[in-house]
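Hi everyone, thanks for coming.

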Amino acid sequence: MSKLHLVFGGRVEDPRGLEFTDLESIDLVGLFDSYASAEEAWRGALRVKADYLPAKARLAQLTLERGQRTEGLRVLEQIIEENPFQAEARNLLAEAAIHSKDWDKAIQHARNVLLGDPDNTNAYLNLAVAYYRQGLVDQAWLITKNALDRRPEAAALHNMMG
C-alpha cells in the first residue's frame, strides 16, 4: 500500500502546536509519494517564507531531533542573527548548550530570551537547569521561585520546585 504525504502550512499560534491563526491563509504545497520528498518540499516552502522565524525554529528543532545537530544549530544561529531575541531559537540553543554542558552559553541564551520576553517559562527553566546542573542549587531555586512569582500557573516550574 502506498502512502501519500500532504504538505501544507500557515502561521500557527504556537510553533509547537497545530492551531492556525488564519485558516484562510493556509498554503497547500502538494501531495508527495515519499516522506523524503515531502520534507524537501516543506523545507523549500520555508525558504520561500523566510521571514517567519518561528517556523524556521521549528524546522531546526525537527532537524536536531533527527540527529542532524550541526545543521539544526546552524539554522538556529541564523535565526538569532536575524532577530537576537527570537525566543524559540534561543531556548533551543540553550537546551543544546545544556546537553553539551556548556553552562555559560546556556545561561547567555536563556537570559537573552528573558530580555525580550520576561515571562518566558522555558527560558526560566533552561536557566534554572543550567545552574542546577552546575551544583548551584540556591541560584536555581531562586530563579524558579522568581519565575513562579511571574507565572504561578506554569506547571513545569512547579515540577522544578519539587
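Let's start with a word we'll need: a residue is buried if its relative accessible area is under 20%, exposed if over 50%, and partly exposed in between, using a 1.4 Å probe and protein chains only. Here, 38% of the 162 residues of the protein count as buried. Keep in mind that this is a predicted model, where local features need pLDDT of at least 70, side-chain atom pairs count only at pLDDT 80 or more, and totals for chains, interfaces and linings use all residues. Residues are numbered from 1 along each chain as its sequence is written, and side-chain values use heavy atoms, with hydrogens and water left out.

Okay, the overall layout. The protein has eight helices and two strands; these are DSSP runs numbered from the N terminus, with at least four residues of H or I for a helix and at least two of E for a strand. Along the sequence, the pattern reads β-β-α-α-α-α-α-α-α-α.

Now, at what angle do H3 and H4 pack? Helix H3 (residues 69-82) and helix H4 (residues 87-99) pack at about 140°, with axes 9 Å apart. Axes are lines fitted to C-alpha atoms, for helices over the stretch in contact (heavy atoms within 4.5 Å), and angles run from 0 to 180 degrees between N-to-C directions. Leu73 and Leu76 of H3 are among the residues making the contact, as are Leu92 and Leu93 of H4.

Last stop: threonine 144, in helix H7 (residues 137-150). Threonine 144 is buried, at 1% relative accessible area. A polar atom of its side chain sits 2.8 Å from the backbone oxygen of alanine 140.

Definitions and conventions:
A polar contact is a pair of N or O atoms within 3.5 Å; within protein, one must be able to donate a hydrogen and the other to accept it, and residues adjacent in sequence count only if both atoms are side-chain atoms.
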